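Please look over the sequence and the model before reading on.

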Amino acid sequence: MADPIKRALTRRRVQRGRIVSEEPDEQLVYVVKFGIGMTVCLAAIEIAHLALLRTWNSEIFAALTGLSGTVIGIFVGKRGGD
């Protein structure tokens, strides 16, 4: 099965009538996977905090939004540009 993160970060462009694919660096793929994993973990921590303590933790939410914004920025920055 193909890696969906790698496929999403692959840049495709038309050059002289052919479609040329530029695959991302393997380290970038690992960083994005780590970022997505940490975003999921922070979301689970926030949900647990809400369920157990019945209060909103703004620090966890700030970390969650910052990390998810970074991951989205990587996708937008890597896919655009041509």
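What distance should the 28 residues of H2 span at 1.5 Å a residue? The expected span, defined as 1.5 Å times one less than the number of residues in a helix, is 40 Å for H2, and its end C-alpha atoms are 40 Å apart, which agrees. Helices (H or I, at least four residues) and strands (E, at least two) are DSSP runs, numbered from the N terminus.

The model is predicted: local features need pLDDT of at least 70 and side-chain atom pairs count only at pLDDT 80 or more, while totals for chains, interfaces and linings use all residues. Residues are numbered from 1 along each chain as its sequence is written, and side-chain values use heavy atoms, with hydrogens and water left out.

**The core and helix H2**

Helix H2 covers residues 26–53. Its buried residues are Val29, Val32, Gly35, Thr39, Leu42, Glu46 and His49; here buried means under 20% relative accessible area, exposed means over 50%, and partly exposed lies in between (1.4 Å probe, protein chains only). Val29 and Val32 also belong to the largest nonpolar core, whose five residues include Ile5, Leu9 and Val71 as well. Such a core is a set of buried Ala, Val, Leu, Ile, Met, Phe, Trp, Tyr and Cys residues joined through side-chain atoms within 4.5 Å. Two or more residues of this core come from each of helix H1 (4–9) and helix H2. In soluble globular proteins, nonpolar side chains tend to be buried together.

Val71 is in contact with Val32, Gly35 and Ile36 when its neighbours within four places in sequence are left aside; contact means heavy atoms within 4.5 Å. Ile60, a residue of helix H3, is buried at 14% relative accessibility. Not counting residues up to four places away in sequence, Ile60 touches Leu42, Ile45 and Glu46. Between Ile60 and His49 there are 9.3 Å in space, C-alpha to C-alpha, and the two are eleven residues apart in sequence.

**Salt bridges**

A salt bridge is a side-chain nitrogen of Lys or Arg within 4 Å of a carboxyl oxygen of Asp or Glu. By this rule the count comes to four. Among them are the pairs in the table.

| Pair | Closest N and O atoms |
|---|---|
| Lys33 and Asp3 | 3.0 Å |
| Lys6 and Glu23 | 3.4 Å |
| Lys6 and Glu26 | 3.4 Å |

Lys6 in helix H1 and Glu26 in helix H2 form a pair, so parts 20 residues apart in sequence are tied together.

Which residue with a positive phi follows H2? That residue is Arg54, whose phi is near 55° although Arg54 is not a glycine. Arg54 is placed in the loop between H2 and H3 and is exposed, with a relative accessible area of 69%. Arg16, likewise not a glycine, has a positive phi of about 55°. The loop between strand E1 (11–15) and E2 holds Arg16, which counts as exposed at 85% relative accessibility.

Ser21 has its place in strand E2, which covers residues 18–22. At 46% relative accessibility, Ser21 counts as partly exposed. Apart from neighbours within four places in sequence, the contacts of Ser21 are Thr10, Arg11 and Arg12. Ser21 and Val76 are separated by 55 residues in sequence and by 17 Å in space, C-alpha to C-alpha.

Trp56 is found in the loop between H2 and helix H3 (58–79). Together with Leu50 and Phe61, Trp56 makes a nonpolar surface patch of about 300 Å². Patches are made of residues with over 30% relative accessible area and no salt bridge, with like charges joined within 9 Å and nonpolar side chains (Val, Leu, Ile, Met, Phe, Trp, Tyr) within 5 Å. Accessible areas come from the Shrake-Rupley method with a 1.4 Å probe, and for residues only the protein chains shown count as cover.
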